[in-house]
Amino acid sequence: MKLLVVSNAPIINKSNHWFAYSPYVTEMEIWAKYADEIAFCCPEWKQDNGLLVSEIPFKISKIFLLSDFNIKSFSNGIQSFFQIFYNFFILFKAMFWADHIHLRCPGNVGLLASIVQLFFPHKIKTAKYAGNWDPKAKHPFSYRLQKYILSHAFLTRNIQVLVYGEWENSTRNIKPFFTATYKEFEKEAILPRNLQGIIKIMFVGTLSIGKRPLYAIQLTEKLIQNGFQIELSIFGEGVERKNIEDYISKLKLEHSVTLYGNKTTSIIQKAYQESHFILLPSQSEGWPKVIAEGMFWGCVPISTPISCVPNMLDYGNRGLLLQVDLEKDAQTIQELISNEAFYQETIANGVQWSRKYTLDYLEQEIKLLLQS
């Protein structure tokens, strides 16, 4: 079986070795196991541009290189007209080669690919929609168009669209799915922790306006004002770092909030194991892996109710849902801190749920997709 992976994720050539975004490589290694040949149809970068990359460890049969382009606005679409025309040609060529077409959406490439795949109704297809599938969420037109095409059971044939979460009124094309970070053998005993003394909270993510790291600090500040001992550890880098540093300095929060920058997986794991809460006040997510990772190690998530998060947290039984209102959110967290029994129950519920979604289980599900 010849498997084609169509993605916006770039492939990078370093000294005649192919590299790509590390979590993407981890998943693609599983897909490659169950294909006789695998090809990529994607843009190429000459450098990693700061992206966390790993070498692709399996043989690639073909690479159909696309021109990198941007069609987020009408003007950009006009400027990219010739690139888009060229990419349509490459996509047709790549899909003609394949037995199984796997699309990675959303994105510019995902939009073009979702259109081109309409001309191959008899070929088996899967599409992984890594963004927020919530029908009520606000998205750019290009994202809404991709969702419409992929979910339309008459237009798009022989496809399983893998989405995060379970949504009412889904068509038969839609299949709830997940992603994973840890293998079965990596499971360890959960380190005991209680709510006496210092409460440790962590934030993991890009320091950008969309991730709302500043709100995490303001929430910490509010809890401190209300008499709680809080330590907030922030892992990640981004354009908002300077603003965050200035805010910490202005409010004299240096002893309560620490910026660690980007750290290795092992350091982040240790933080999950030792922290009480993982805080994610983000405005947009697909599958928020830090939530699943935190629960895996007994770190209770506190998150905005975006994408599949309410489903992941079982609407409050595996973590807390934010309202992005400082007074209300601080009160919700204080109530949990004051209820040790419910806190321990929340940990247990999160661990039980998250430890089902290992890379081993992901491999079983991918194998079924490719063999069906």
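Residues are termed buried at under 20% relative accessible area, exposed at over 50%, and partly exposed in between, with a 1.4 Å probe and protein chains only. The structure is a predicted model, in which local features need pLDDT of at least 70 and side-chain atom pairs count only at pLDDT 80 or more, whereas totals for chains, interfaces and linings use all residues. Residues are numbered from 1 along each chain as its sequence is written, and side-chain values use heavy atoms, with hydrogens and water left out.

Helices (H or I, at least four residues) and strands (E, at least two) are DSSP runs, numbered from the N terminus. In helix H5 (residues 141–151), Ser142, Gln146, Lys147, Ile149, Leu150 and Ser151 are buried. The cover over these residues includes helix H4 (108–116) and strands S7 (100–105), S8 (124–129), S9 (159–164) and S10 (174–177). Ser114 lies in H4 and is buried, its relative accessible area being 0%. Contacts (heavy atoms within 4.5 Å) link Ser114 to Leu103, Gln146, Ile149 and Leu150, when residues up to four places away in sequence are not counted.

Ile84, Asn87, Ile90, Leu91, Ala94, Met95 and Trp97 are the buried residues of H3. They line one face of the helix, since viewed down its axis they fall within an arc of 135°, taken from the directions from the helix axis to the C-beta atoms. Phe82, Phe85, Phe89 and Phe96, on the other side of H3, are exposed.

A nonpolar core is a set of buried Ala, Val, Leu, Ile, Met, Phe, Trp, Tyr and Cys residues joined through side-chain atoms within 4.5 Å. The largest has 51 residues, of which Phe40, Met202 and Tyr272 touch the most other members. Helix H1 (residues 22–33) contributes the most to this core, with 6 residues. Beyond its neighbours within four places in sequence, Met202 contacts residues including Leu232, Phe235, Ile268, Tyr272, Phe277 and Cys299. A further core of 32 residues lies apart from the largest one, and Leu195, Leu207, Ile234 and Leu320 are among its members.
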